[in-house]
Amino acid sequence: MKKEFICIVCPRGCRVVVDGDDISGNQCKRGIDYVKAEMTAPKRVLTTTVKTIFSEWPRVSVKTDKPLPKELLFKAMSDINKVIIDKPLDIGEVVIYNLCNTDVNLILTKSLKGVQK
Amino acid sequence: MIDIVVIGAGAGGLAAAITAKEKNKKVLLIERESTLGGILNQCIHNGFGLEVFKEEYTGPEYAHRYIEKLISLKIDYLLDTTVTKLEKLSEKFIITMTSEEEGIKKIEAKSVILTSGCYERTRGHISMPGDRPKGVFNAGSAQRYLNINGYMVGKKVFILGSGDIGLIMARRMTLEGAEVLGVAEIMSYSNGLNRNIVQCLIDFDIPLFLSHTVTNVIADENNNLKEIIIQEVDNNFNPMINTEKHFFVDTLLLSIGLIPDITLLDELSVKVDPKTKSVEVNQAYETSVRGLFVSGNSLQVHDLVDNVTKESERAGLCAVEYLNKENNEAEEIRILAGSNIGYVTPQRLDFSWNSSLIISFRTNKKMEKAICKVIQDDKVVYKKRLMFLVPAEMETISFDYQILNRTSDIKVVLEELS
């Protein structure tokens, strides 16, 4: 089965075609590594927001500290949307450990230090 | 009197204020919102800072680095304060500002840096036909409602314009449970980064309709958006018959371009460049009004925040140089946009400054390989090979301008190579 990828390693954006074991269209070696990862276990960093009890920042931005398997993105979103932050956590502090039973943690990308209720 | 007033505390203003303060100048940063960081606060996705920090930050993280520095340097700043008027009387600026706490107040400064960012083009700018229902938003406004205030603007969404904000919002709305039916782009290619096409559209099977635009907007009896119609366009961007596609959506997001916000300069007689829709500047980012500097997205719309930071750091240094500079009439030449160039900035080169020359430009044509030449008196004074040029990506060149003569204008051209 033929499958086409746009390589996202550099701005060149090669169209890489995979046909069985044959990979073509890539202008450098990094395109092969990218496509192999995409074919086997694609992962993405998830960025979203979490509800807080603070009126100054009713939502606060968060991200996963590592890329998460792509197929878990929606499961992770539904877990994240159940959380409400009630402490003025600092940037980088963990909001959810082991998201979707992976080794990926959800961390704050903004500081809530000194916010008002 | 304050040495340098910086207006707008987004990526540009933070960088300019920090740079000027590090040279021991008396700086005041003025921000109309209640927090520092500007639009970075709503750009919660990652991909910021690869050039400046060699790390991949989200928008709020990128802002945080500069806010911490601003605070550690004890730079004075005002929040919830809007500058309403900017005047220049002989050698000083008079800044009128208003805030709920202080009312209307005037302050004086020797120099001003405007880093007020840009605003979004609306449906009026593209004369979009059809009804005027609720449910039509600018993509950036919808991003703010969702990421800062926590409101979803709709459940079934179509997006016009494939710039990066549109692509980022397609993913963001999808992750929050909305159904994004498609993205239409009037050009035959996307104006967004390829990585965003992959991560925001292909990852979620959202179709991209190239060479298509919205040709009708239909409201229901309560004046809510009910349906949009898109059509394919020909080479002259005219819709073609029998290409209509119907989408039943409650939300249309517009990601159709940004315009530098220089409305504050209306009362000063600054020269404007119709190509950048901002002011003309020299290589020190100084406008035709001496001591008034403009940088960041209020000078030209950047693709990367890293470049906003770097440009505004240079503007900060130039404002410092201005404070000690003799105000002599200087030799000046113009920098012109030649073939295949959409715009250039700076538009003027003033030989009285010490600052280096960095020319930013955009191609107006997609090119695989090209050579960029700078020409003075029919002679090539500088050239550089460039790869993969697209109008969506800004290019920069830099060279020592002491090699130029001080009487003839220079022209930047792009020649396509096969």
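Predicted model: local features only at pLDDT ≥ 70, side-chain atom pairs only at ≥ 80, totals over all residues.
Student: How much area do chain B and chain A bury between them?

Tutor: The size of an interface is often given as the accessible area lost when the parts come together. In this model, 28 residues of chain B are in contact with 27 residues of chain A. Carbon and sulfur atoms account for 61% of the area buried between the two chains, and that area is about 2400 Å².

Student: Which residue of chain A forms a salt bridge with B:Asp203?

Tutor: The rule finds three salt bridges across the interface of chain B and chain A. In the one that involves B:Asp203, the closest N and O atoms are 3.0 Å apart, and the partner is A:Lys70.

Student: How many residues on the side of chain B that touches chain A are charged?

Tutor: Helices α2 (59-72), α3 (139-149), α4 (164-175) and α5 (194-201) of chain B each supply at least two residues of that side. Its residues divide into nine nonpolar and 12 polar, and the charged ones number seven.

Student: Why do the buried residues of α1(A) line one face of the helix?

Tutor: In helix α1 (residues 30-40) of chain A, the buried residues are A:Gly31, A:Tyr34, A:Val35 and A:Glu38. They line one face because, seen down the axis of α1(A), they fall within an arc of 95°.

Note on methods: Residues numbered from 1 in each chain as written. Chains lettered and ligands numbered in written order. Heavy atoms only, no water. Contact = heavy atoms within 4.5 Å. Buried area = accessible area lost by both parts, 1.4 Å probe. Salt bridge = Lys/Arg side-chain N within 4 Å of Asp/Glu carboxyl O. Helix = DSSP H or I, 4+ residues; strand = E, 2+ residues; numbered from the N terminus. Nonpolar A, V, L, I, M, F, W, Y, C, P; charged D, E, K, R; others polar. Buried < 20%, exposed > 50% of the residue type's maximum accessible area, 1.4 Å probe, protein only. Arc of directions from axis to C-beta.
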